[in-house]
Every structure is written in C-alpha cells, then in structure tokens.
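Reader: I have a protein model to look at and I would like to learn how to read it. Could we go through it together?

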Amino acid sequence: MTACGDSNTLRKSDSQAAKMDMIRETHFDNIGSLKVGKVRDIYVQPERLILVATDRHSSFDRIIAHIPDKGAVLNLSSAFWFRQTADIVPNHVIAVPDPNITVARRVTPLAVEAVVRGYLTGTTSTAIWTRYQNGERDFGGLTLPGGLQKNSKLSHPIFDPTTKEDAHDRTLSIEALVAEGFIAADLLTKVRDTALALFARGQQIAAQHGLILVDTKYEFGVDKDGTLLLIDEIHTPDSSRYWQAASYAARLAAGEEPDYFDKEFLRLWFRDHCDPYKDAVLPEAPAELVTELSRRYIALYQQLTGEAFVLDRSVPPLERMAQALKPFEH
Ligand SMILES: Nc1ncnc2c1ncn2[C@@H]1O[C@H](COP(=O)(O)OP(=O)(O)O)[C@@H](O)[C@H]1O
Ligand SMILES: [Mg+2]
C-alpha cells in the first residue's frame, strides 16, 4: 500500500463527501440474487433483472470515486432513450419504479456488442481514429480516403461490432463474427440494421437539443421466441460520446478538440496522485472535483432530455429504493 496525495486535503474531502447521500452499494432482500457490476447492482430473478444504478465511478478497472446523482442520471437517461426508440425495436424495460432502478425482462444476451460510429475519433486501440492512423481504411462497408482530419464526420454512420469477451473486446468484421461462430448471419444483419436505425434516431433527437451523438454501443438479447430486444443501457454518457453541436465546426476548423463531455479530469487527478493500477487503497478524490463531475452529468442529462433533473431528497435513497422495489419481490 502506498500513501498517496496530501493527507490534509484528503481528510477535508473525506468529510465533505460523507455528507452527501450517495449510493455506494445495495443489499435488498427478496428481489433476487445479487450480481455486483462495476456501476450497477443487478438482482437476478428467473424472468427479470432488477438493475440498480449506483453512484460508483470506475476507471483503471476499479472504483475510483462516488459521484452524487450519477446513478440516477444514467438510469433516467437510459429510460428516456428506451422510450424514444420503442417504435424501432422492443426493449427490456418492464418498469422504472425509482430514478435509480430499472426492472427489465431477462433475456439471452448476444455475444456481440453493436458499436456505431458517426465520426472519426477516439484514442483506444479499438477506436476508429487510432485504426485509421495505423493505416486501416475499410470500416464496415465504408472505405475512407487518406488525409482525413481527426473528429471529422463520416459520410454515413458505420456499424463496427465487437465481440463481448471477458478479456478484451475485439473489433471483428461482420463476416469474421459469423465465421467464428459468435452470431448467425441473419441475426447479425438484423442487429446491424436496428443499431443504425437507433443511432439515426439518437442523432436526430440529440441535434434537437444542441448535441452531436458521436458514437455509441448497444447490447441486444433474444427472448424465448427468438425476438430481438434492446437491453442493458442506451445512449448514456457512459456508453456514448456526445459533443456540443454549436461549437463543433469552428473548433474543427481551428484544429481544436470538440467540446465534449469531459470526465477525464478526475481520472488524471488519480493518475497524478497515486498509482491507480497498483495501490491497494486509493485516496479520496477532492470534493470539488467530485461535485464538478456530478454537475456535468446532471447538465448533460438536462440538455439532452430538455427536462429538469429533480430527485426526492426527503427520504434516504436506500429507503426510497427499498419502498419502490416492494412490488417486485418474488
Ligand atoms: N435484459 C437483460 N437480460 C439479460 N442480461 C442483461 C440484460 N440487460 C443487461 N444485461 C447484462 O447485464 C450485464 C451488466 O453487467 P455489467 O456490464 O458488468 O454491469 P455494469 O455495466 O453495471 O458494470 C451485462 O453483461 C449485460 O449484457
Ligand atoms: Mg456495462
């Protein structure tokens, strides 16, 4: 264990963060067996999943902080988008009985993640900009010319699926996914068409609110009858990239990065104040950074939905959720 950071600052932020009513972990009885995800606590029933979005924030493959209201923002963002896209494909939502909870139909998840990209961007090894810089030119039916600028718009959005694997997701062509037995060809075609239709709807609604939906990832499942369902989460700031539309063109022309939803500053603080890959215990993030990230999540939610973010704070969140879950005991 390494001692990281300045202990005086840490103490102060410790006590401030403790005052906020955050959802760190849950242990509800009689609603199914608990599977703890990185961000969500998932209670598994034979036919349903109870997805509880906590305020946990992960980076470096671990929890680095708790962000007030983040769980509710993520869950309500998904709920908004599931409603806005229900005419395109049926989804797993049975009920949203609480801002932090979705009760979902439990189906068999497909072994692929449906990534859709509208812009030449990203920094990870699977990102399209990284691959483009490495000389790749063919991306799911789109052949790009050389000399394109980072963050430029693709002539049309592309379907760029990955495998869903424990170790690391891999980008594979449609042909390779089918050849390697991840999914049947006709089902994958349906997934592609549906993902592109969802993305078009997402871009259209985002644009109405001054945002660009840049790229995203969908998960699908099939029920007992073989019907395709949209599952997991949709168009949340965790599964998608958003840019501000108003400043995009000018910033691109000036060679600047678009105005994006930036949560990197918290990650950087940890990188600069400890070794998040090695240290057993991490320092507490400064309260002002945590508050700022919370503010950004809420601001994006409000811009996207055009609705105020209101949460009933008269009851402690764990009590509020326990009450909301009563009808879903089994
Ligand atoms: N309706 C559903 N039916 C079956 N599995 C689902 C459904 N919705 C989501 N899942 C699965 O639940 C899992 C969520 O776990 P995980 O992604 O680790 O949680 P988190 O995103 O909270 O860290 C994913 O594997 C996802 O495919
Ligand atoms: Mg997930």
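Reader: How many residues of domain 1 are in contact with how many residues of domain 2?

Author: Happy to start there, and please keep in mind that this is a predicted model. The domain assignment gives domain 1 as 7-107 + 286-328 and domain 2 as 108-253. Taken over C-alpha atoms, the centres of domain 1 and domain 2 are 25 Å apart. Where the two domains touch, the contact involves 20 residues of domain 1 and 25 residues of domain 2.

Reader: Which element gives the largest share of the side of domain 1 that touches domain 2?

Author: Three elements supply at least two residues each to that side: α2 (70-85), β7 (101-105) and α8 (287-305). By type, the residues of that side divide into 11 nonpolar, 8 polar and 1 charged. The largest share is 7 residues, and the element that gives it is α2.

Reader: Why does the largest nonpolar core lie between domain 1 and domain 2?

Author: This core has 64 residues, and those touching the most other members are Ile50, Ile101, Ala114, Ala195, Phe220 and Tyr242. The element that gives the most to this core is α2, with 7 residues. The core lies between the domains because residues come to it from both domain 1 (7-107 + 286-328) and domain 2 (108-253).

Reader: Which residue of β14 stands opposite alanine 114?

Author: Let's begin with the strands. β9 (residues 112-119) pairs with β14 (residues 211-222) in the antiparallel sense, over 4 bridges. Not counting residues up to four places away in sequence, alanine 114 touches Phe159, Pro161, Val191, Ala195, Lys217, Tyr218 and Phe220. The residue of β14 that stands opposite alanine 114 is tyrosine 218.

Reader: What is the bridge partner of valine 116 in β12?

Author: Stay with β9, where 8 of the 8 residues are buried. β9 is joined to β13 (residues 162-163) by 2 antiparallel bridges, with threonine 163 as the partner of valine 112. β9 also pairs with β12 (residues 153-159) in the antiparallel sense over 3 bridges. In β12, the bridge partner of valine 116 is phenylalanine 159.

Reader: Which glycine takes a positive phi in the hairpin of β14 and β15?

Author: β14 and β15 (residues 228-231) run antiparallel and are joined by 4 bridges. One of the pairs sets glutamate 219 against isoleucine 231 in β15. The hairpin has 5 residues between its strands, and there a positive phi near 85° belongs to glycine 226.

Reader: How many residues lie between β1 and β2 in their hairpin?

Author: Strand β1 (residues 33-36) and strand β2 (residues 40-44) run antiparallel, joined by 4 bridges. Lysine 35 stands opposite isoleucine 42 in β2. Between the two strands of this hairpin, the number of residues is 3.

Reader: What distance does α5 reach from its first C-alpha to its last?

Author: Helix α5 (residues 185-208) has 24 residues, and 34 Å would be expected at 1.5 Å a residue. Its buried residues are Leu188, Val191, Arg192, Ala195, Leu198, Phe199, Gly202 and Ala206. Just after α5 comes glycine 210, with a positive phi of about 75°.

Reader: Is asparagine 30 buried or exposed?

Author: Asparagine 30 sits in the loop between α1 (7-19) and β1. Most residues other than glycine have a negative phi. Asparagine 30, which is not a glycine, has a positive phi of about 65°. Since 10 other C-beta atoms lie within 10 Å, asparagine 30 is exposed.

Reader: And is histidine 235 buried or exposed?

Author: Look in the loop between β15 and β16 (240-244) to find histidine 235. Its phi is a positive value near 55°, in a residue other than glycine. With 27 C-beta neighbours inside 10 Å, histidine 235 counts as buried.

Reader: How far apart in space are arginine 106 and glutamate 47?

Author: Arginine 106 is in the loop between β7 and β8 (108-109), and with 19 C-beta neighbours inside 10 Å it counts as partly exposed. Not counting residues up to four places away in sequence, arginine 106 touches Gln45, Glu47, Arg48 and Leu49. Arginine 106 and glutamate 47 are 59 residues apart in sequence, yet their C-alpha to C-alpha distance is 5.3 Å.

Terms used
Residues are numbered from 1 along each chain as its sequence is written. Chains are lettered from A and ligands numbered from 1 in the order in which they are written. This is a predicted model: local features need pLDDT of at least 70, side-chain atom pairs count only at pLDDT 80 or more; totals for chains, interfaces and linings use all residues. Domain bounds come from an automatic or database domain assignment. Two residues are in contact if their C-beta atoms, placed from the backbone, lie within 7 Å. Ala, Val, Leu, Ile, Met, Phe, Trp, Tyr, Cys and Pro count as nonpolar, Asp, Glu, Lys and Arg as charged, and the others, Gly among them, as polar. Two strands pair if DSSP finds at least two bridges between them. The expected span of a helix is 1.5 Å times one less than its number of residues. A residue is buried if 20 or more other C-beta atoms lie within 10 Å of its own, exposed if 12 or fewer, and partly exposed in between; C-beta atoms are placed from the backbone. A nonpolar core is a set of buried Ala, Val, Leu, Ile, Met, Phe, Trp, Tyr and Cys residues joined through C-beta atoms within 7 Å.
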